[in-house]
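Keep the structure open as you read.

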Amino acid sequence: MTLERRINRHLDGLFAGAQDTLEHRELKEEIRSNLVARIDDYLAEGMSEEQAFQTAIQHIDGMEQFMIDYRHVKRVPYWTALWQSTLIYSLIAWIVTIPTRVMLGGAALNNLLLIISLIVGIAYVFYLVSNRENGSSDTEKTTRIRVLVLKQWQRRAWWLWTAVVLALWGTQAALRFGSNIWFNRPIQVNGPYQLAVLLMAFVLPLLSILIPLVVHRAYRIVSKYEVSDGV
């Protein structure tokens with residue numbers, strides 16, 4: 001049996017009980033490339049093909065961890081960074097919508113974003129203070145993140161956000177231009193204020209991007225705070 005077939009057979013055995021998903025296929029290829037690279041290194045050191053294969057299998061770090069899809073991250077730094085990013089996103093959204101306060105709907109949205117920013121800010125400060133009181137030992141504690149599930153939610157969050165924005169845009173277009181289109185009448189905008197109101201109706205739904213941004217951030221910073229020993 002060739003070395004390539006042995007590698008394929010070994011990987012097929014590892015993933016025998018796993019679902020055939022895109023994430024698992026990508027993970028399988030990641031492990032394959034790692035395994036092949038180790039075998040090549042051992043062969044270059046003078047090992048036989050059998051020795052290189054067996055040694056590479058034994059020294060693939062975290063194989064079981066890969067299969068159950070968990071990563072261990074430093075708990076306090078990870079959640080601190082996520083709270084901080086959420087606060088920054090909400091503050092940016094609040095600042096961006098300040099000019100819309102000249103309109104009734106814009107003022108309500110700006111006030112809502114201010115409330116959200118205050119809530120997130122208070123929670124962020126409370127988290128920092130509580131962990132500081134618990135002592136420095138908590139900074140070394142870890143938490144488990146199921147990265148493939150988080151990656152799936154990241155994709156779903158972006159798709160859901162896109163669907164919601166398109167639905168809101170379609171609703172606004174139907175309400176504002178439906179009769180004009182139906183009766184084949186020209187669309188008219190009477191003055192800059194009406195133009196601003198019209199633009200705001202289509203721009204403001206984009207602020208819901210806060211949700212997929214936070215989910216995306218939660219996924220992206222896993223590798224930054226990951227610990228290899230898992231304890």
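**Rings and a nonpolar patch**

There are two aromatic pairs here, counting rings whose centres lie within 6.5 Å. Tyr 78 and Trp 79 make up one of them, an edge-to-face pair with 5.4 Å from centre to centre and 85° between the planes. Bear in mind that this is a predicted model.

**The Tyr 78 and Trp 79 pair**
- Tyr 78 is buried, because its relative accessible area is 2% and the cut-off for buried is under 20%.
- Trp 79 is partly exposed, at 34% relative accessibility.

**The Trp 158 and Trp 161 pair**
- Trp 158 and Trp 161 have ring centres 5.8 Å apart and planes at 85°, so they're edge-to-face too: the planes need to be over 60 degrees apart for that.
- Both sit in helix H7 (residues 147-182), three residues apart, so about one helical turn separates them.
- Trp 158 is partly exposed, with a relative accessible area of 27%.
- Trp 161 comes in at 18%, so this one counts as buried.

**A charge over a ring**
- Arg 156 has its charged end over the ring of Trp 153, 5.2 Å from the ring's centre.

**The nonpolar patch**
- Leu 166, Trp 169, Val 189, Leu 195, Leu 199, Val 203 and Leu 206 make a nonpolar surface patch of about 560 Å².
- Val 189 belongs to the loop between H7 and H8, and at 39% relative accessibility Val 189 is partly exposed.

Technical notes:
Residues numbered from 1 in each chain as written. Predicted model: local features only at pLDDT ≥ 70, side-chain atom pairs only at ≥ 80, totals over all residues. Heavy atoms only, no water. Phe/Tyr/Trp six-rings, centres within 6.5 Å; stacked < 30°, edge-to-face > 60°. Buried < 20%, exposed > 50% of the residue type's maximum accessible area, 1.4 Å probe, protein only. Helix = DSSP H or I, 4+ residues; strand = E, 2+ residues; numbered from the N terminus. Lys NZ or Arg CZ within 6 Å of the ring centre and 35° of its normal. Patch = residues over 30% accessible without salt bridge, like charges linked within 9 Å, V, L, I, M, F, W, Y side chains within 5 Å. Areas by Shrake-Rupley, 256 points an atom, 1.4 Å probe, with all protein chains shown as cover. Salt bridge = Lys/Arg side-chain N within 4 Å of Asp/Glu carboxyl O.
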